[in-house]
Amino acid sequence: YHPRHPHLPTSATPFPHCSPGTSPGRLPPFPPPKTLTTPRTAAMEQANPRAGSARNRKVVLRDYISRAPREDDMALVDGGAVPLRVPEGAAGPAVLVKNLYLSCDPYMRGRMRDFHGSYIPPFKPGSVIEGLGVARVVDSTHPGFVAGDIVSGMTGWEEYSLIDKPEQLNKIQQSDIPLSYHLGLLGMPGFTAYVGFYEICSPKKGEFVFVSAASGAVGQIVGQLAKLHGCYVVGSAGTNEKVELLKDKFGFDAAFNYKEEPDLTAALKRYFPEGIDIYFENVGGPMLDAVLLNMRMHGRIAVCGMVSQHGMTDPAGIHNLFCLVPKRISMKGFIQSDYINLFPQFLDYMTKHYKDGKIAYLEDMSIGLENAPAAFVGLFSGKNVGKQVVCVSQE
């Protein structure tokens, strides 16, 4: 039972713990996969379970950083031959998977610094980068998985990964929805939007909602949930192309390019003459300061992330926090995995509304493991349009 969605069934499988062009209506069919432009490598030629082993390329972190990530902070290396079976004598049940799609998420930047006080530990220099992915099971010693199963969960940025905590994997029931969507619409970003909006923001029909970084993996879904709930929704983005997407594809009532606004406080006043009831925070910095001045009495702010502060070395201070007091504003940070019991309801809700054409979704896919570093770095300069995904293999 969900207090705000008592009609939703609870039959789906929970998501594993993981730490971060058309209007809504009839959606166009999923476009055909892009053609690989790089030569087929030995790893691809040998990626056959009957071959006994395969080459395993990996993306590793060179060293800790204390600034925005660059491509050369990561390296594509040859990990040698990997047996296509779970090693004998493993400490417990394990699953060997062939990675199909990898997710690029802003929280991963925090794992590139030498900081151990977060909710998830940092990467280890010289070791493979970890992230959410969709993969096919090659071999398993866990009774819940067999070869051929499609799963999602934490995996390595490599062609093959040995998962030693298979209980944290989620088996995907294949449907007409693309597998990569389980990294966005039906995965962690979509769930983040769902719990952030419904559980943190406690929306009411007719309220005024503002979403920053609104064309991103989380923001695009938050805005559509707010519209479905009967709210007035405005989003901000960093290019005019993204602004048009927010209005034309995702159905926002209005949107603006924050880079073209010399005065953010005045811009928000223009779009919200009566003030903001709900702010879904994704960027921090000057935008948060401007929002605080424009919040209505008893407004709510869900702090999902602050991508403008990703440098971490000298984060900008917030000057208008006192607005919380006279306006009685509630401001709360959250991690989606704290609400994992709601994932089955989310999955049913999102699947139904997507298939009914009431929610649109956009992803930005890069082809090839070798392009993963560039795809990830692009998150922090706004190069991606929609959810950033890397296709490692389509087999």
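1. Basis. Because the model is predicted, local features need pLDDT of at least 70 and side-chain atom pairs count only at pLDDT 80 or more, while totals for chains, interfaces and linings use all residues. Residues are numbered from 1 along each chain as its sequence is written, and side-chain values use heavy atoms, with hydrogens and water left out.

2. Salt bridges overall. The structure holds 16 salt bridges, a salt bridge being a side-chain nitrogen of Lys or Arg within 4 Å of a carboxyl oxygen of Asp or Glu. Three of these pairs are taken up below.

3. Arginine 57 and glutamate 159. In this salt bridge the closest N and O atoms are 3.6 Å apart, and the pair links distant parts of the chain, with arginine 57 in strand β1 (residues 53-61) and glutamate 159, 102 residues away, in the loop between β5 (150-156) and β6 (160-163). Strands here are DSSP runs of E of at least two residues, numbered from the N terminus. Both arginine 57 and glutamate 159 are buried, where buried means under 20% relative accessible area, exposed over 50% and partly exposed in between, with a 1.4 Å probe and protein chains only. Arg57 and Glu159 also belong to a network of salt bridges with Glu370.

4. Aspartate 149 and lysine 171. The closest N and O atoms of this salt bridge lie 3.5 Å apart. Aspartate 149 sits in the loop between β4 (130-140) and β5, and lysine 171 in strand β7 (residues 170-171), so the pair ties together parts that are 22 residues apart in sequence. Aspartate 149 is buried at a relative accessible area of 15%, whereas lysine 171, at 31%, is partly exposed.

5. Aspartate 277 and arginine 296. These side chains meet in a salt bridge at 3.3 Å, N to O; aspartate 277 belongs to strand β11 (residues 276-281) and arginine 296 to strand β12 (residues 295-303), so parts that are 19 residues apart in sequence are tied together. Aspartate 277 is buried at 7%, and arginine 296 is partly exposed at 29%.

6. Largest cavity. The lining of the largest cavity includes Val97, Asn99, Met154 and Leu169. The elements that give two or more residues to this lining are β3 (95-103), β4 and β5, and the largest share, five residues, comes from β5. A cavity is a set of points on a 1 Å grid over the protein atoms alone where a 1.4 Å probe fits but cannot get out, and lining residues have an atom within 4 Å of a point.

Notes: Helix = DSSP H or I, 4+ residues; strand = E, 2+ residues; numbered from the N terminus. 1 Å grid on protein atoms, 1.4 Å probe; cavity = no way out; pocket = protein on both sides within 12 Å on 5 of 7 lines; lining within 4 Å.
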